[in-house]
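Please consult the sequence and the structure while reading.

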Amino acid sequence: MSTLNVHCLKPSALCLPSGVPGSPGRQRRHTLPANEFRCLTPEDAAGVFEIEREAFVSVSGNCPLNLDEVRHFLTLCPELSLGWFVEGRLVAFIIGSLWDEERLTQASLTLHRPGGHAAHLHVLAVHRTFRRQGKGSVLLWRYLHHVGGQPAVRRAVLMCEDPLVPFYQRFGFHPAGPCAIAVGSLTFTEMHCSLRGHTALRRNSDR
């Protein structure tokens, strides 16, 4: 849970935090076609929703975004999304939007605020056949580097259930307290991450 030109991200050597698997980009010379990380487009919406629906409905009965909302965000702000494609097949993705308040509210679930400075991560999902391989970790680390390189984006925010708090803490997120948003009986912790450190790491990795 959670326009501009769509472009592919050039793989680069990243200093990943302890416990995060190595970047698949290093396997490029061994894999044809190569793994590809790129921003998503509205044409990717159906494939995105298929993965999201399987990942979330089977666990909680709810999807963070319905299909129309996926298309909505991929039309308004594709630069705040990132998909991982293996041999042309989408295997994992993150969808985000900009938010302009200190804390998340119910409105943040469906709105993109172009003047905002926070990247709100709505959903991170991995295809069922590619789970438990560290792909979510690799994708999140690349995503934070990606949005951290955008001048307007200063921090990342998300909401998650308590068991996932330690996972996000590995990437520099810190609990900001209980989230004001509840979905049915589900409650969430709001997590914040400054992107200044991620931007510095990206500059160093490009040298």
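Helix 1 crosses helix 2 with right-handed geometry. The model under discussion is predicted. The axes of the two helices, spanning residues 45–57 and residues 67–76, come within 9 Å of each other and cross at roughly 130°.

**Helix–helix packing**

- An angle over 145 degrees would count as roughly antiparallel and one from 65 to 115 degrees as roughly perpendicular; helix 1 and helix 2 are therefore oblique to each other.
- On the side of helix 1, the contact is made by A45, A46, V48, F49 and E52.
- Helix 2 contributes L67, V70, R71 and L74 to this contact.
- Classified by residue type, the contact of helix 1 with helix 2 comprises 7 nonpolar and 2 charged residues, with no polar residues.

- The model has an open sheet of 7 strands in the order 1-2-3-4-5-7-6, and its pairing is mixed.
- Strand 1 (36–38) and strand 6 (174–183) are the edge strands, each of them pairing on one side only.
- On average, neighbouring strands of this sheet are turned by 25° against each other, with direction ignored.
- Strand 5 (residues 155–160) and strand 7 (residues 186–194) run antiparallel and are joined by 6 bridges.
- Within that pairing, R155 has S194 of strand 7 as its bridge partner.

**Helix 2 against the sheet**

- Helix 2 also packs on the sheet, where it touches strand 2 (81–86), strand 3 (89–99) and strand 4 (118–126).
- The direction of helix 2 makes about 70° with that of strand 3.

**Salt bridges**

- The count of salt bridges comes to 7.

Conventions:
Residues numbered from 1 in each chain as written. Predicted model: local features only at pLDDT ≥ 70, side-chain atom pairs only at ≥ 80, totals over all residues. Heavy atoms only, no water. Axes fitted to C-alpha atoms, helices over the stretch in contact; angles between N-to-C directions. Helix = DSSP H or I, 4+ residues; strand = E, 2+ residues; numbered from the N terminus. Parallel < 35°, antiparallel > 145°, perpendicular 65-115°, else oblique. Left-handed = near helix turned anticlockwise from the far one by under 90°. Contact = heavy atoms within 4.5 Å. Nonpolar A, V, L, I, M, F, W, Y, C, P; charged D, E, K, R; others polar. Pairing = 2+ DSSP bridges. Salt bridge = Lys/Arg side-chain N within 4 Å of Asp/Glu carboxyl O.
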